[in-house]
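Hi everyone, thanks for making time. I'd like to walk you through one model this morning, so please have a look at it while I talk.

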Amino acid sequence: MINGHRQSDGEIVPEKFPNNSQEAEGMEGRSPVKGNVQKLPSHRTQSRNEGMQEELARIRGAVRRDKEVKLTSLYHHVYRVDNLRAAYSKVKRYAAPGVDGETWQHYGQDLEVNLRILSEKLARGAYQATPVRRKYILKPDGRQRPLGIPALEDKIVETVVAQILTAIWEEEFLGFSYGFRPRRSQHMALNALEAGIHEKRVNWVLDADIHGFYDTISHEWLVKFIEHRIGDRRIITLIQKWLKAGVLEDGQWTPSEEGTPQGGLVSPVLANVYLHYAFDLWAHQWRKQKAKGDVIILRYADDIVVGFEHRAEAERFKEELAERLKKFNLELHAEKTRLLEFGRYAASNRAKRGEGKPETFNFLGFTHICGINRNGKFVVMRQTMSKRMRAKLKALKEEMRRRMHEPIPQQGQWLQSVLQGHYRYYGVPFNSVAMGRFRFHVENQWRRSLSRRSQRGYVNWERMKRLSRKWLPYPHIYHPYPSQRLRVTTLDKSRVR
């Protein structure tokens, strides 16, 4: 790594850099950072017709050509009006407004003027991040998850910066990291996990959960990690402005000393960068240097699953992982982090010891179960998490109450789209029963809602079945067996990393 060194235990220790915001904002002519071996073309030499994708391709090419390059000329990409316009088009049109109350539609009425003003503020260093508006959403376990809603202009600028960061670090992220990355999905992570358990000698699974990850990210460490690749101080300063913007809740402003707001458009990329250095590189090196048996690793954002052949290595990894995370202001959730016996021989081994069925674990909305197919062979069965289903049905009940007096065809079309979306995510082998149960509960809630529309509006089951056949689709398996899918998508490349 440039401007840093690697210790014997695999930890990357970057050197410290000055972090003077005013000095960084005022820079126009800058000497290259020591160690920089590649400089991207400046704004003046770029074609006026060059799009953001071409710019990102050049950034990726620079990083790909030199694995230790530190990029010092990036900020001009942020304030280009064309890039800001493209970012505006990517922002959700009907998302809730931030503390400034600005909506996508209103901002677009004078789009070119607004973008030109925003570009000028960014170019001369006058741009200031706005505090995020705090909102809470209900989690499957009944608790509330805080979300931060940025102002519209913050969303636009964050979108551009997130694209730049992604172009840089996609060349470095490891194969077992799946969360919030281009051309990677939750089902790809689920399939890789299933294939790893089947094809490697996995007997123990560590289901690790980082306690309050997004709220405890260290700003100091995050900046150090970003400085591994970015030498443009204005990009660093811009990110620091978002981190320090704080939260506005019920008219009260709260400063942010640590963490990144969930809901910020740049937060997922920053979180991936943080865990790339805090966990991924360390875990990959631990597997190569310390493990004697097979080890598989899967990470989706802050959800981590690690499979082991030997229990002793699993216990050692868990202890050392806790120490590793502690260095970076993170800790494992004591109640949610579990080491359990799971895999091909888990059921037989537990039966020999007079113990019950193998435990299950949850990952990306599915409960993973040790099962047997019709041929008597071991399979990883995935079923919809009970908490997720209950939370979804509760939300549907509230929405049905709001839509109670809408015409039946309008309600039916809405419920049809709800069920189709549910099936497209949860439609995996061995989950038909759970999907059928979800459909039954939706049907029952709809019947009750229709029956409450008037005193004489009772809907019997005979009529309800006719409505259900017309509007409520039956479960469908959208995702084939993971082994089949991976054989197609990997083209004989390694399926498990």
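**A covered strand and its surroundings**

Let's begin with strand 5, which is mostly covered: six of its six residues are buried. Buried here stands for under 20% relative accessible area, with exposed being over 50% and partly exposed in between, using a 1.4 Å probe and protein chains only. Strands are DSSP runs of E with at least two residues, helices are runs of H or I with at least four, and both are numbered from the N terminus.

Before going on, a word on the source: this is a predicted model, where local features need pLDDT of at least 70 and side-chain atom pairs count only at pLDDT 80 or more, while totals for chains, interfaces and linings use all residues. Residues are numbered from 1 along each chain as its sequence is written, and side-chain values use heavy atoms, with hydrogens and water left out.

Back to the strand. Trp204, Leu206 and Ala208 point one way from strand 5, and Val205, Asp207 and Asp209 point the other way; all are buried.

Now, which sheet does this strand sit in? Two strands count as paired if DSSP finds at least two bridges between them.

Asp207 stands opposite Arg338 in strand 10, and Trp204 stands opposite Glu341.

What packs on this sheet? Contact means heavy atoms within 4.5 Å.

**Two buried residues**

Glu341, in strand 10, is buried at a relative accessible area of 5%. Its side chain makes a polar contact of 2.4 Å with that of Arg353. A polar contact is a pair of N or O atoms within 3.5 Å; within protein, one must be able to donate a hydrogen and the other to accept it, and residues adjacent in sequence count only if both atoms are side-chain atoms. Leaving aside neighbours within four places in sequence, Glu341 is in contact with residues including Asn203, Trp204, Arg350 and Pro358.

My other pick is His219, found in helix 10 (residues 219-226). Is His219 buried or exposed? At 6% relative accessibility, His219 counts as buried. The side chains of His219 and Lys244 are joined by a polar contact of 3.5 Å. Beyond four places in sequence, the contacts of His219 include Leu243, Ser256 and Gly259.

That's my tour; happy to take questions!
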